[in-house]
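Q: I am new to this structure and would like to learn how to read it. Could you take me through some features one at a time, giving the general idea before the case at hand?

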Amino acid sequence: MARKVRVSAWPAIVMLTIAAVYLVALLAVERQALIIALLVGGIAIVVAAAWLGLLVNVSASFSDHEDALGGCAIIAALTIAVFFHGNHFVLLLVITALLYSVATLGLNVQFGYAGVLNFAGASFFGIGAYTSAVLNAYTTLPHLLVLLIGGLLAALAGSLLLLPVLRTRGHYAAVVTIAFALLLKTFLEVNDVLGGPQGLQVKGMNILGWSFNDNIKIGSFSMSFYMNYFVVSLLLLVVAFILVRRLERSWIGLNLDALRLDETAASCFGLDIVRWKITAFLIGNFLIGIAGALFGMVGGFVAPNNYTFADSLLLVSILLLGGIGNPWGIIVATIIVVVVPEKLQTIQEYRFLLYALMVIAVLLFRPEGLLPRPVRRYFPGRRP
Amino acid sequence: MTALLEARGLSKHFGGVLALDRLDLAVAQNEILGLIGPNGSGKTTFFNVITGIYSADAGRVTFDSADVTNASGRTIYQAGMSRTFQRSRLSLPLSIFDNIMIGNHKRLKQGLWFNLVKRRDFKRQFEEGYAAARGLVEVFEPALADRLFEPVAGLPMIDRRRIEICRALISSPKLLLLDEPSAGMTHEETAELMNDILLVRARHENLTIIIVEHEMGVIERITNRCVVLNFGRKIAEGPYRTVAADAQVQEAYLGAA
């Protein structure tokens, strides 16, 4: 902790490169036996590296050069996308991982920082998607604005829950969010204006006449139309990541931690508990809603059954798996949770079983998640 | 002599138990008042009622010539009262710096725009806070000053007490409430801690202290005056030597002869 010297950025860059190459290999390989071999090999490498103490250097170098390494991570993501520029399936998978990361970052602000457990994550995601469906069909609003409105509407719908969430604590508040998820699903199913159980089509994104649902052709070079969505999703994740990072590394992040850990002590030092719980809940739902709005446009379709309690649990399990409070952990966990079951076609029907096993294993052996949250450093790289 | 804090007829009951029974208590500016009494005599309840954790059933509290009866913890903190807890209530996973800054809440800008966007201004306030926290910690334990970004969880009890006191002092309160600062510590550690508190007090003028303590050596050494509680009622008041000799006080502590 009290290192006086900056660690070099190289260990982390090497690690990122290996991770990117590994991800490309995992996404490219189709044969089930090879995929299983890759997964087992990957786990073995990580465990061995941890055993040999190599990961200590990597994490030190990560925490000292976070901004530069964030840039490297963006380059790695772009490289992966370019490598698969014609592959609809892989690009959709990558976009899903990016947008689920954004949603889980929102959940992280609520649960990881403020301690407000939200089991209706998928519902707020769905509200974003429905917003896109309705606004793209009936209005000519610019689609980037539609994304923003999706976030705002999710936050607004979430504010219906504020009173019960603020009045109850811990598990009781969680039950309230579950009730909300069930109510919303039922409401959507019986409401014909919003398509009922069949759901609605969502028109694809179009920015300044650039239609996102056409494949990109530059001369003889062509790319999947998903490339458009990939770029916007990556941008959204970068913005959300910076927002959540800054939030954590500010007095607001400190307030949220203080009230989560000891509400009574926090209020003895002047913290307005209600104000900060509301702030965290609204910011979280806003992020989830934006991600949902974009996801609706990517998929082209929304229905009540796409956003069920099981999907909310999936978001919560990503948070538990990655490390509550650590945005980097969330991205790693999202990649694992989204990519692995899709590639392992053999286990398709057992995917929820796999999630459950992963979460149980993490809670047992690494209760703080794959990448536990480090102590807050307001300005990484600053020496005392 | 103007009273900084004055409670009149303060009562609080939990079910059938009277924890505070029409208590009248006043602390003068710059005084160090010892609040003593057997276990369960209402000392901590008194702290909890005046800091807004419990609400009083009857009576009034004035602080710094304002009525703060049943005011919220926030209002009372803003008015310049801060406290430590009998059982240390630090946020263990957070760093020393974070814990102390929780106590500095009223000086920190809380706007979203300031915190998320104006990072340069935030950095300036952060550096101010860092310098203040470091300066305060140095008084108590210079070795801790270089470890401000380590989690509190790994620290021994005495360091946790020091940090809790730093958290209460960082906002330069007018009144400091210490709830059994010696709990869980040795005689020597307690003596050291008290010296440090007196040192801080000598630097900041106008710091009034109410201390709840079972360690009578501490009470004798640092207080100007004592109030003795028994079953929520004031049974004696005066300099330590006088109250220690009081027959009622001796009976409360040792039982009837």
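A: Let us begin with burial, for which a cut-off is needed: a residue is called buried if 20 or more other C-beta atoms lie within 10 Å of its own. Please keep in mind throughout that this is a predicted model.

Q: With that cut-off in hand, how many residues of helix 11 of chain A are buried?

A: Ten of the eleven residues of helix 11 of chain A are buried, so that this helix is mostly covered. Among the buried residues are Trp251(A), Ile252(A), Leu254(A) and Leu256(A), and the list also includes Asn255(A), Asp257(A) and Arg260(A).

Q: What covers the buried residues of helix 11 of chain A?

A: The cover includes helix 5 (88-113), helix 10, helix 12 and helix 13 (273-299) of chain A, and it also includes helix 3 and helix 4 (112-116) of chain B.

Q: How many residues of each chain are in contact where chain A and chain B touch?

A: On this point, 28 residues of chain A are in contact with 31 residues of chain B. On the side of chain A, helix 10 (226-248), helix 11 (251-261) and helix 12 (263-268) each supply at least two residues, and helix 11 of chain A gives the most, with six residues.

Q: Turning to chain B, how many helices and strands does it have, and how compact is it?

A: Chain B has ten helices and ten strands. Its radius of gyration is 19 Å, close to the 18 Å that the globule rule gives for 257 residues, and chain B is therefore as compact as a globular protein of that length. The C-alpha trace of chain B spans about 65 × 40 × 35 Å along its principal axes, and buried residues make up 43% of the 257 residues.

Q: Which domains does the assignment give for chain B, and how far apart are their centres?

A: A domain may be written as more than one stretch of sequence, as in domain 1 of chain B (1-80 + 173-257), whereas domain 2 of chain B is given as 93-170. The C-alpha centres of domain 1 and domain 2 of chain B lie 27 Å apart, and 13 residues of domain 1 are in contact with ten residues of domain 2. Helix 2 (73-79) and helix 7 (187-203) of chain B each supply at least two residues of the domain 1 side, the largest share of which, six residues, comes from helix 7 of chain B.

Q: How do helix 3 and helix 6 of chain B cross?

A: The axes of helix 3 (residues 96-103) and helix 6 (residues 157-169) of chain B come within 6 Å and cross at roughly 35°, and the crossing is right-handed. Ile96(B), Asn99(B), Ile100(B), Ile102(B) and Gly103(B) in helix 3 of chain B meet Ile163(B), Cys166(B), Arg167(B) and Ala168(B) in helix 6 of chain B. The residues of this contact divide into six nonpolar, two polar and one charged.

Q: Finally, is Leu175(B) buried or exposed, and which residues does Leu175(B) touch?

A: Leu175(B), which has its place in strand 7 (residues 175-179) of chain B, counts as buried because 24 other C-beta atoms lie within 10 Å. Leaving aside residues up to four places away in sequence, Leu175(B) touches Leu4(B), Leu5(B), Gly80(B), Met81(B) and Thr208(B). Leu175(B) and Thr208(B) are 33 residues apart in sequence, yet 4.7 Å apart in space, C-alpha to C-alpha.

How values were computed:
Residues numbered from 1 in each chain as written. Chains lettered and ligands numbered in written order. Predicted model: local features only at pLDDT ≥ 70, side-chain atom pairs only at ≥ 80, totals over all residues. Axes fitted to C-alpha atoms, helices over the stretch in contact; angles between N-to-C directions. Helix = DSSP H or I, 4+ residues; strand = E, 2+ residues; numbered from the N terminus. Left-handed = near helix turned anticlockwise from the far one by under 90°. Contact = placed C-beta atoms within 7 Å. Nonpolar A, V, L, I, M, F, W, Y, C, P; charged D, E, K, R; others polar. Buried ≥ 20, exposed ≤ 12 C-beta atoms within 10 Å, placed from the backbone. Rg over C-alpha atoms; globule rule 2.2 N^0.38 Å. Domains from an automatic or database assignment.
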